Amino acid sequence: MAPVMPENTAINALDKLKHIIRSLLQTVREKYGVVAIEPQLTKDHFDGTIRQLPELCPSHDFKVLLECATKSILYDIAIEPASEERFSSFCNLLDLALVLTELELTDVALPFLLIEDLFDSQTIDSCQRLFEYLESRVERLTTVSFRYGDLKEMDGTKGKGPVLLRLCNELLRRLSKAEDTIFCGRILIFLSKSFILGERSGVNLRGEFNVENTTSFDQIPPAINDEKMDVDQEIGVTGMAEGGDVVREEEAKSTDDSTKVGKAVTFETPASQQQKVDQEVLSADALYPIFWALQNYFSNPTKLFLKESFETFKAGLAATMAKFKAVDEEQSKQGRQQGMQMRRGEEKRKRGSDEDLAAHFNPKYLTSRELFELELSDLTFRRHVLVQALILIDFLLSLTPAAKERWADIPSPNKAVQFSFTLSPEDEKWAIKTRALISEYLQPNFEGRLFMRLVETILTRDKNWVQWKAENCLSFEKRPVPEEEIKRSVGRAMELCRPTRPYPHAMGAPALGRLWKEASKNPGLEGLKRKERHVLPTPESFRPLIKKDEEEIADSLRPDQAETAATSKASKVWRALRIASRDRFHLFNKFVDTPDEDRNELEMLFEIEEISGENSGARGREASTEASVAIAPAEKKPEQPQQQQQQQQPQQRIENIANLSHNQPEMKLRRIENAVTS
């Protein structure tokens with residue numbers, strides 16, 4: 001236990017700290033003048049005295065004494081008359097407290113404690129001016145700094161987080177939501193900037209409803225409220241007819257008469273072709289208590305878990321929608337009855353009212369009976385009520401069996417927002433049908449469709465928010481990437497960005513490269529006019545090249561060398577045979593059909609050509625021998641037609657060969673074969 005400081009010693013240390021702090025503020029005032037929000041005072045604006053405070057006032061309760069000294073100075077400034085200098089003194093003192101927390105000389109919550117006491121002692125206008133200081137120092141106030149330079153976001157459960165939440169909530173309670181709407185929004189925006197996105201302090205984890213939001217309305221005397229509704233207390237509600245219609249108790253009792261149809265307080269569905277039912281549009285006096293009673297269900301939806309309350313809510317919502325539809329029909333009928341000039345004036349006023357429609361914001365409507373007809377004729381009022389109904393219906397649809405099955409897969413669910421009540425299939429159909437009717441009513445024109453799209457967007461985001469709370473507010477922020485992963489990523493990026501080995505073929509292919517080199521020897525048009533470019537090589541020119549490839553195949557030591565030489569040989573053989581096909585194509589059918597990879601088709605062509613050349617020489621000698629044979633002039637045959645001569649030529653040649661001497665048997669055989677072949 002720390003020793004207790006004597007009273008006189010503590011008072012002397014407190015007075016000394018107050019004197020030092022006042023001197024620091026006076027030095028800043030003399031040096032920089034009257035400064036308010038800007039520029040911000042940091043530790044560089046104060047001299048070295050601020051760092052020597054623990055040494056000047058040594059005490060084991062130094063932080064407590066420093067807090068008391070700053071609060072005492074704050075109270076002295078607060079009793080001064082309102083002026084610019086007083087506001088500057090507030091800002092300088094708060095900056096000094098902020099510097100003390102940054103130097104870890106006092107508790108981190110000291111600036112917020114001073115601001116909290118300051119807000120409690122000032123008017124709303126002064127608080128609105130002082131709140132600008134919080135907005136300008138949001139980064140310095142909400143960042144928790146440690147000795148080794150690490151930074152951490154502010155936590156709402158410890159440190160200065162609870163103090164900030166407390167002072168902002170207290171300030172919000174003092175403000176009017178209708179008159180100080182902008183200031184309330186500034187406070188909420190400041191809180192959203194101060195805490196992390198996944199902070200649970202403003203999430204309403206337990207899913208509690210604002211049951212304190214009660215709606216009181218006038219009681220209509222019985223003499224005025226002469227019209228009775230089917231759900232009036234004297235008659236009561238016994239059940240629901242098909243389609244959501246309310247059935248009176250008297251009609252439920254008369255079950256013998258099957259032709260009697262109960263009066264309904266709903267309106268016809270335009271999208272369906274159901275049987276028409278009688279509708280009862282209640283008067284303003286009859287609808288007034290039923291309409292404002294709906295607010296009890298809007299503020300506390302758990303009341304609908306009771307069947308009686310659910311049926312009453314159905315009847316009241318149906319009566320309200322029927323009245324809204326009747327008001328729309330009446331307004332449209334009045335518009336059609338007016339003249340063109342009045343219509344133009346209405347259109348101008350309507351355009352003006354549409355532009356101001358978004359500016360109408362009423363967090364709480366007046367419930368006086370005298371204003372009820374005027375409120376019903378207001379489109380903004382009707383939209384406000386129906387949007388409340390949409391929110392409640394979406395809540396009911398989240399309690400269906402199918403919706404609960406989706407929540408069953410959550411690993412660690414938040415049981416506080418999961419209700420045991422399950423919506424029945426009949427009530428589910430009613431909720432889906434009623435939601436479709438409200439959606440159709442809210443978008444009769446283009447402006448209404450824009451409004452409904454905005455509402456649907458908000459409701460979708462609210463569903464995501466509820467789902468996040470049901471999952472126990474799991475963190476959805478991405479953690480910083482580890483330093484090791486960053487180094488590995490940088491290494492991989494450097495490898496990918498490393499310059500690659502240059503491509504060996506500058507022109508994209510070896511053949512194009514050789515062509516480019518040859519063209520560089522004789523560039524320009526003269527190189528293209530060279531005669532050797534237009535000379536077709538002969539098959540004989542490929543023979544030495546092919547023999548060289550065959551030698552390389554025989555002398556190769558590695559398989560890749562042999563494969564390269566074989567590919568070169570096949571290319572040369574193919575080109576030579578292609579050139580030879582221009583004038584020696586008739587020799588190709590004499591190739592040996594036996595497949596052989598090692599044979600040289602070009603050499604085979606040359607061998608066949610040599611054999612054909614010998615045969616041609618033999619045919620020449622035979623022709624000279626035939627010419628020497630004497631033929632008697634009397635034996636000349638008459639001339640025959642040309643076609644018949646052509647048909648007899650092969651046979652005649654064979655006979656002529658047969659008349660050759662017996663000294664030439666081989667030549668005779670060859671001549672016969674050639675004749676038959678031709």
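The model is predicted: local features need pLDDT of at least 70, side-chain atom pairs count only at pLDDT 80 or more, and totals for chains, interfaces and linings use all residues. Residues are numbered from 1 along each chain as its sequence is written, and side-chain values use heavy atoms, without hydrogens and water.

**Whole chain**
- The protein chain has 26 helices and four strands (DSSP runs numbered from the N terminus: helices H or I, at least four residues; strands E, at least two).
- Of its 678 residues, 33% are buried, meaning under 20% relative accessible area with a 1.4 Å probe, protein chains only.

**Helix α8**
- Helix α8 runs over residues 161–174; at 1.5 Å a residue its 14 residues should span 20 Å, and its end C-alpha atoms are 20 Å apart, which agrees. The expected span is 1.5 Å times one less than the number of residues.
- Its buried residues are Gly161, Val163, Leu164, Leu165, Leu167, Cys168 and Leu171.
- The cover over these buried residues includes α5 (110–120), α6 (124–136) and α9 (181–194).

**Largest cavity**
- The largest cavity holds about 40 Å³ of space; a cavity is a set of points on a 1 Å grid over the protein atoms alone where a 1.4 Å probe fits but cannot get out, and lining residues have an atom within 4 Å of a point. The volume is the space filled by probe spheres set on the points, which are joined across faces, edges and corners.
- Its lining consists of Glu116, Phe119, Asp120, Leu167, Glu170, Leu171 and Arg174.
- Helix α8 gives the largest share of this lining, four residues.

Notes: Buried means under 20% relative accessible area, exposed over 50%, partly exposed in between (1.4 Å probe, protein chains only). Contact means heavy atoms within 4.5 Å. On a 1 Å grid over the protein atoms alone, a cavity is a set of points where a 1.4 Å probe fits but cannot get out, and a pocket is an open set with protein on both sides within 12 Å along at least five of seven lines; lining residues have an atom within 4 Å of a point.
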